[in-house]
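Let's take a walk through this structure together. Have a look at it first, and then we'll go piece by piece.

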Amino acid sequence: MERRRSPEAMPSEQTRVTRPADDGSDREIAIVGGGICGLTTALALEQRGLSPTVYEAASEYRPVGAGILLQTNAMLVFDRLGIADAVCDAGRQLEGGGLRSPDGPYLTRFDLNEVERPEFGYGFVAVHRADLQRILLDELDTTVRTGMDCTAVVGTDPPVVRFDDGTEIRPDLLLGADGIHSTVRDAVAPGVDPRPLGGVAYRALVTLDVPQPYRTQGFEIWGDGTYTGGAPVDERRFYWFATAPGPLTGDHAGPEAVESALRERLTGYPEPIPAVLDGLDPTDLVLTALEDLPSLDTWSRGRVVLAGDAAHAMLPFAGQGAAQAIEDGALLADALATSDGYERAFDAYESERKPRADRVRAESRGLGRFGTIQSTLGCRLRNLAIGAIPDAVVRRVRRRQAAGTSLPE
Ligand SMILES: Cc1cc2nc3c(=O)[nH]c(=O)nc-3n(C[C@H](O)[C@H](O)[C@H](O)COP(=O)(O)OP(=O)(O)OC[C@H]3O[C@@H](n4cnc5c(N)ncnc54)[C@H](O)[C@@H]3O)c2cc1C
């Protein structure tokens, strides 16, 4: 399974005990989790004149992990935060993509120059996760304290946050950005556990001479119980993913056994899948259980608030999990900077963000069920249905996704 930590090169700092600020003007905001959500929120807070501290469990950040597709709504937030150009430079701006059947033909295609780029200014960018993390870390003045594994949050007003090295902090406000298996979530929504879909996602960044037209195009192939696809992050590296129902091999099978089972499963799939499999280093494979969260009753309690996967982890089929986490970060920072008191800020944040994130999460689950149908007849009917969706409907969905949550100026 995927490592719960997302590591890159950064030395750990000394631990210290922090206490609540005495006056409201200098609020101590602790962010538990230094992934995409935690770092984006820290940057947005910083730019709003607030001074958070990030507590990340991993002992260091390391350049591992696969790629990520940042859709238009994520890029619009990065534009506001001033890092969109750096993200575009580090990754690959796509021209379009499409959905294919396992024997090759496209069921549907999209051109990002038709809707997203002309109407919103950005298309989709595929980037190595480590590059995105580096850009966020380079941009931050915020203290990021690695090696800080949160073990419990006791109380919510004020929150007392405990770490595995014995450190205890009492921030004025606590943000749980600690992912799908969040510890902080227990203080807000106790007893809520991820729901398995019953399958595994396989991801890797593959080094190869990326064949045309995949140097600027993403794609997905919906097969019988298997969903695969990817996008280039540059001319030499391709971000590839696949899902399969249940584990491909026994729990303790090594990377080579997983690779050979993947090859078997993807036999006969069209280019560039054979080229990707030939370039795959099995030790680079990242395996993740397919699971999401049910809708939470609330995203905050007392002085504790959730964001990103901790609040609304979703299946990867809509390619929106990180984009929703990035939207959370910007909106939460706006709300904290402009609202009268944290209660109003949390209410404003949740009422803006929760309906949209819950809807995208439900859509991802629906797509997951649809995309991983296992019967041959079911797959044929599904693929016929996809080809019959009117263009106007597809464009409406694309516009809604790209627009993101309305961000105040
Ligand atoms: C197969 C797959 C493909 C995906 N593809 C895409 C895509 O193309 N586009 C997209 O937008 N989204 C995609 N997603 C979703 C995306 O990866 C997540 O939504 C996103 O990473 C969420 O960010 P986060 O910061 O909320 O959580 P995470 O990325 O999980 O980060 C949480 C951070 O908190 C730290 N942490 C955890 N526990 C603790 C603790 N107790 N104390 C301190 N720190 C802790 C972790 O080490 C980590 O750094 C995909 C997901 C999967 C599974």
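What follows goes from confidence to the ligand, then to the core and a set of strands.

Keep in mind that this is a predicted model. The protein chain has a mean pLDDT of 90, with 92% of its residues at 70 or more.

Now find the ligand. It is surrounded by 36 residues, and the closest are Gly33, Gly35, Gly179, Gly308 and Gly321. Helix H1 (36-47), strand E3 (67-70), strand E13 (195-207) and helix H10 (321-338) each give two or more residues to this shell, and H10 gives the most, with 4. By type, the shell splits into 17 nonpolar, 12 polar and 7 charged residues.

H10 turns up again in the largest nonpolar core, which has 113 residues: the helix supplies the largest share, 10 residues. Leu70 is among the core residues with the most contacts inside it. Leaving out residues up to four places away in sequence, Leu70 touches Met75, Val87, Phe124, Val125, Val127, Ala322 and Ala323.

Finally, look for strand E15 (residues 227-232), where 6 of 6 residues are buried. Tyr227, Gly229 and Ala231 point one way, while Thr228, Gly230 and Pro232 point the other. E15 runs antiparallel to strand E14 (residues 219-222), joined by 4 bridges, and pairs with strand E16 (residues 237-245) over 6 bridges, also antiparallel. Glu220 partners Gly229, and Tyr227 partners Thr243.

Definitions and conventions. Residues numbered from 1 in each chain as written. Predicted model: local features only at pLDDT ≥ 70, side-chain atom pairs only at ≥ 80, totals over all residues. Near = placed C-beta within 6 Å. Nonpolar A, V, L, I, M, F, W, Y, C, P; charged D, E, K, R; others polar. pLDDT = per-residue confidence, 0-100. Core = buried A, V, L, I, M, F, W, Y, C linked by C-beta atoms within 7 Å. Buried ≥ 20, exposed ≤ 12 C-beta atoms within 10 Å, placed from the backbone. Contact = placed C-beta atoms within 7 Å. Pairing = 2+ DSSP bridges.
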